[in-house]
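Okay, thanks for having me, everyone. Let me put the structure up, and then I'll walk you through a few spots in it.

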Amino acid sequence: MAADGALSFRHISMTFPDGTRALDDVTFEVSKGEFVTLVGPSGCGKSTVLRIAAGLLSQTSGKVEVDRERLGYVFQDATLLPWRTVAQNVALLAELHSVPAVERRRLVAEAIDLVGLEGFENHYPNALSGGMRMRASLARTLTLKPPVFLFDEPFGAVDEITRARLNEETLALFAQERFAGLFITHSIAEAVFLSTRVLVMSSRPGTIVDSFDVPFSYPRSPELRFDPAFAELSGRVSHALMAGHR
Amino acid sequence: MSAQRAGLAGSVARRVLPPVALGVLLVGVWYFVSYVVLDEARRFLLEPPHEVVAVGFLDAGNFNEMMAGLWSSAKVALLGLVISIVIGVALAVAMSQSKLVERAVFPYAVTVQAIPILAIVPLLGFWFGYRTMPRVVICVIISIFPIIVNTLFGLQSAQRGMHDLFTLHGSSRWVRLRKLMFPASLPALFTGLRIAAGLSVIGAIVGDFFFARGEIGIGQLLLRYANRLQGEQLLASIIVSSALGVAVFLAFGWLQQRITGPWDDTGAG
């Protein structure tokens with residue numbers, strides 16, 4: 001394990017079997033209590049970073065350090081199982097990790113409470129809105145109490161207002177649980193609003209071209225989005241993104 | 001409230017009236033053919049509907065004979081279907097677990113589907129005799145393919161993200177099959193079942209034509225009535241065999257609705 005790095009990438013490169021070079025010498029670290037966002041153009045290998053972190057892909061070279069025992073991973077889609085109710089879906093991971101039933105019920109109730117889905121426990125996913133499905137997906141991950149939380153563009157498919165709400169809720173969760181977060185997005189506003197640090201990736205082969213510390217303290221109010229300092233930082237991230245887009 | 005009720009009545013009427021109207025029209029055509037097209041000497045070719053009802057359904061002796069035949073064929077169809085389900089689902093599961101097995105089995109599954117039943121009748125008689133057994137075998141042969149194909153399709157239908165989720169949390173093959181692939185397969189599996197059930201009923205009746213010893217099935221009766229020029233019983237038997245096929249189709253549709261209806265909004269209801 002790295003000193004206090006909950007997740008560390010050292011000189012990670014990734015070439016796919018078909019010869020596509022996805023990542024080139026990616027190095028960064030996320031510590032406990034840090035929320036790091038990775039922004040970059042589509043196809044730059046952001047998701048590849050996450051899949052390598054989670055062990056769903058093996059890097060061609062370099063070293064990853066992370067405790068995969070209780071890794072939280074929130075997918076692009078909610079990936080709820082349609083034949084399970086909200087409560088049963090939220091219980092899935094605890095089930096896969098053989099958590100005893102009594103403990104599981106407690107974790108599920110707690111997680112559903114945290115994301116504000118009380119009253120929808122017995123609904124099937126097909127009866128939920130996109131935002132509620134994402135909340136259920138978040139709750140499912142929360143039952144693991146993961147020290148490291150990976151987010152793979154989770155709010156890309158919901159409308160702007162729901163996205164803003166989900167951002168605020170994610171921040172509230174972060175404030176409460178203080179996990180190490182790695183969040184992938186291509187929305188600069190989302191990145192700056194959520195994170196303690198923004199990493200900018202270049203287009204393929206992806207590599208980290210710039211890093212910005214976000215000085216705003218938590219809890220952050222939704223009003224922060226209209227703050228001039230917020231706009232100024234977003235502008236700088238945006239410039240870095242364009243410079244890296246070769 | 002009353003407007004609402006009128007709306008409901010209207011929608012029921014819109015659904016029920018067209019098929020009823022068409023039915024009345026068809027019965028009319030039937031009468032027309034029986035009484036106008038056919039002269040009395042040839043009327044046995046198509047007896048009018050009320051004769052079919054009177055002789056085929058209201059005569060207790062005839063009706064009981066028909067029901068006994070139908071029951072016998074239904075048992076054959078059901079047994080064949082159950083065997084098809086067991087073997088077909090097992091094969092589909094094996095194929096879903098190994099590409100090698102899938103590649104090995106698939107051409108033979110297609111071949112079984114393509115066997116002309118008539119061509120293997122002598123062989124089936126040679127191997128299994130002429131009683132119930134070969135009839136069941138025919139049901140299996142014609143009903144197993146849709147079960148294999150639909151179940152396999154269903155087992156492979158879970159999205160990649162869901163598989164990733166199970167991979168991330170270290171699931172065994174068995175857990176993945178039980179908690180992800182099998183439930184995901186249910187809508188397609190039921191589609192296969194409905195097709196297979198209908199085919200199995202047809203198989204039982206066709207099997208009757210060739211394998212006539214032992215219990216008398218509805219197919220045997222159809223042949224006998226035709227040979228004896230008993231037009232009323234012949235038509236009545238055709239009606240009850242069709243009713244069996246429809247009943248089986250509806251029963252599996254109902255079962256599907258019960259099991260996957262609450263969560264599956266993609267499947268045909």
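Let's start with B:V52. Skipping neighbours within four places in sequence, B:V52 is in contact with B:E47, B:E232, B:L235 and B:A236, where contact means C-beta atoms, placed from the backbone, within 7 Å.

Quick housekeeping. This is a predicted model, so local features need pLDDT of at least 70 and side-chain atom pairs count only at pLDDT 80 or more, while totals for chains, interfaces and linings use all residues. Residues are numbered from 1 along each chain as its sequence is written, and chains are lettered from A and ligands numbered from 1 in the order in which they are written.

Back to B:V52, which sits in helix α2 (residues 49–58) of chain B; helices here are DSSP runs of H or I, at least four residues, and strands are runs of E, at least two, numbered from the N terminus. Buried or exposed, this B:V52? Buried, because 22 other C-beta atoms lie within 10 Å. The cut-offs, with C-beta atoms placed from the backbone: 20 or more others within 10 Å is buried, 12 or fewer is exposed, and in between is partly exposed. And one of those contacts, B:E232, is 180 residues away along the chain, yet the two C-alpha atoms are separated by 4.4 Å.

Now compare B:Y130, in the loop between α5 (117–128) and α6 (132–155) of chain B. B:Y130 counts as partly exposed because it has 14 C-beta neighbours inside 10 Å. Beyond four places in sequence, B:Y130 touches B:G125, B:F211, B:A212 and B:R213. B:G207 is 77 residues from B:Y130 in sequence and 9.6 Å from it in space, C-alpha to C-alpha.

Next, helix α4 (residues 99–114) of chain B. Its 16 residues should span 22 Å at 1.5 Å a residue, and the end C-alpha atoms are 23 Å apart, so that agrees; the expected span is 1.5 Å times one less than the number of residues. Still, α4(B) bends by about 30° at B:V105, with a proline, B:P107, following within four residues. The bend is the angle between axes fitted to the seven residues ending there and the seven starting there. And α4(B) is hardly covered: 1 of its 16 residues is buried.

Last stop, the chains together. 15 residues of chain A are in contact with 15 residues of chain B. On the chain A side, β5 (71–74) and α3 (92–96) are the elements giving two or more residues.

How values were computed: Contact = placed C-beta atoms within 7 Å.
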